[in-house]
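Thanks for making time this morning; I would like to walk you through one model, taking a strand, then a helix, then a single residue. Please have the sequence and the view open as I speak.

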Amino acid sequence: MSKLKSPYGNALVIFKRLSAKRLLNVLKVVSSYYVSKISGRAIHWGMPISISIEPTTSCNLRCPECPSGLRSFTRDTGMLDPGLFSKTLSELSADLIYLTFYFQGEPYLNPRFLEMVQEAGKKNVFTSTSTNAHYLNDANARATVLSGLDRLIISLDGTTQETYESYRIGGDLNKVIEGTKNMIRWKKELGSKTPLLIFQFLVVRPNEHQIEDVKKLATELGVDEVRLKTAQIYDYEHGSPLIPENNIYSRYKQQKDGSWKIKNSLDNHCWKLWQSPVITWDGLVVPCCFDKDAKHRMGDLKETTFRELWHGEVYQQFRSSVLRSRKEIDICKNCSEGTKVWA
């Protein structure tokens, strides 16, 4: 991570959200995870520490390694219903510390998105989202600051239009910069330290030469941080023109026979299965953000409570399968946990 002028650390802000009940829940989750990891048996105490929830699967761009961009989902496209969100938040908020309004799609396409952010904030839950910033017009920027959103990640994968649109197909770099400026202006006018503004730079071969340029641009604009993120490639075994030449920024490494493999050793454990589920716009619960098409459904929040689902047989069986042989699970085979580079 390259810090610029962050007004505060995320860790400090999150720490302030730690009530006695939330702290006790963290201890339960962490201890059960390590007991499971050591024993090889899926044991789980507590409720999620964080969750990701999907405002929508819709997106205005067509990024080549994204199911939303490729329009390749087998699951339906739709918008998160505020009623379903409220029900879920009410059940989880006493233990929940961190809520990410993102899975697939562009969050600002959901017209009720910022209302849900505000609702989570009222329950003292740290809120974050990721956007391509094409909808951060003056009104939305002001509303975002007023919503109390804690962290806003802006995807900026190039500092020239040609480089930017080589991955963010259909995107307009000027709109991203304009939206960023709108956010910074409204934070100043409203006297707000939030949201923390982060440029996230997805490093691929066409843009890796602009890494220093994006840091410079962020400093000039007044963005708080720059994060460099490695790119997930779906068909990486035979290489890809998107894999960076600098291997530091790649999730994959080339073998002697010319083929490619993921750097992750895929050990038989996964912290996310103990603390951080993903909820789709229509209430399906999946194990993590690598299950983009929701093939591994732990349950449906329209049919059961989260607590029943979280401690239910399906979830426990999935945790057990990861502890037994993670390499056999399809969504784990391209998992980057432990291989990401935040520089």
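Ser 52 stands opposite Val 278 in β10. This is a predicted model, in which local features need pLDDT of at least 70 and side-chain atom pairs count only at pLDDT 80 or more, while totals for chains, interfaces and linings use all residues. Residues are numbered from 1 along each chain as its sequence is written, and side-chain values use heavy atoms, with hydrogens and water left out.

Strand β2, residues 50-53, is joined to β10, residues 278-279, by two bridges, and the two run parallel; strands count as paired if DSSP finds at least two bridges between them. Helices (H or I, at least four residues) and strands (E, at least two) are DSSP runs, numbered from the N terminus. β2 also pairs with β3 in the parallel sense, over three bridges, and there Ser 50 has Tyr 98 as its bridge partner. Ser 50 and Ser 52 on one side of β2, and Ile 51 and Ile 53 on the other, are all buried, meaning under 20% relative accessible area with a 1.4 Å probe, protein chains only.

Turning to helix α5, residues 113-122, its buried residues are Phe 113, Leu 114, Met 116, Val 117 and Ala 120. They lie on the same side of α5 because they cover an arc of only 155° around the axis, taken from the directions from the helix axis to the C-beta atoms. Just after α5, Asn 124 takes a positive phi of about 65°.

Finally, Arg 22 lies in helix α2, residues 20-39, and at 4% relative accessibility it counts as buried.

Conventions. Buried < 20%, exposed > 50% of the residue type's maximum accessible area, 1.4 Å probe, protein only.
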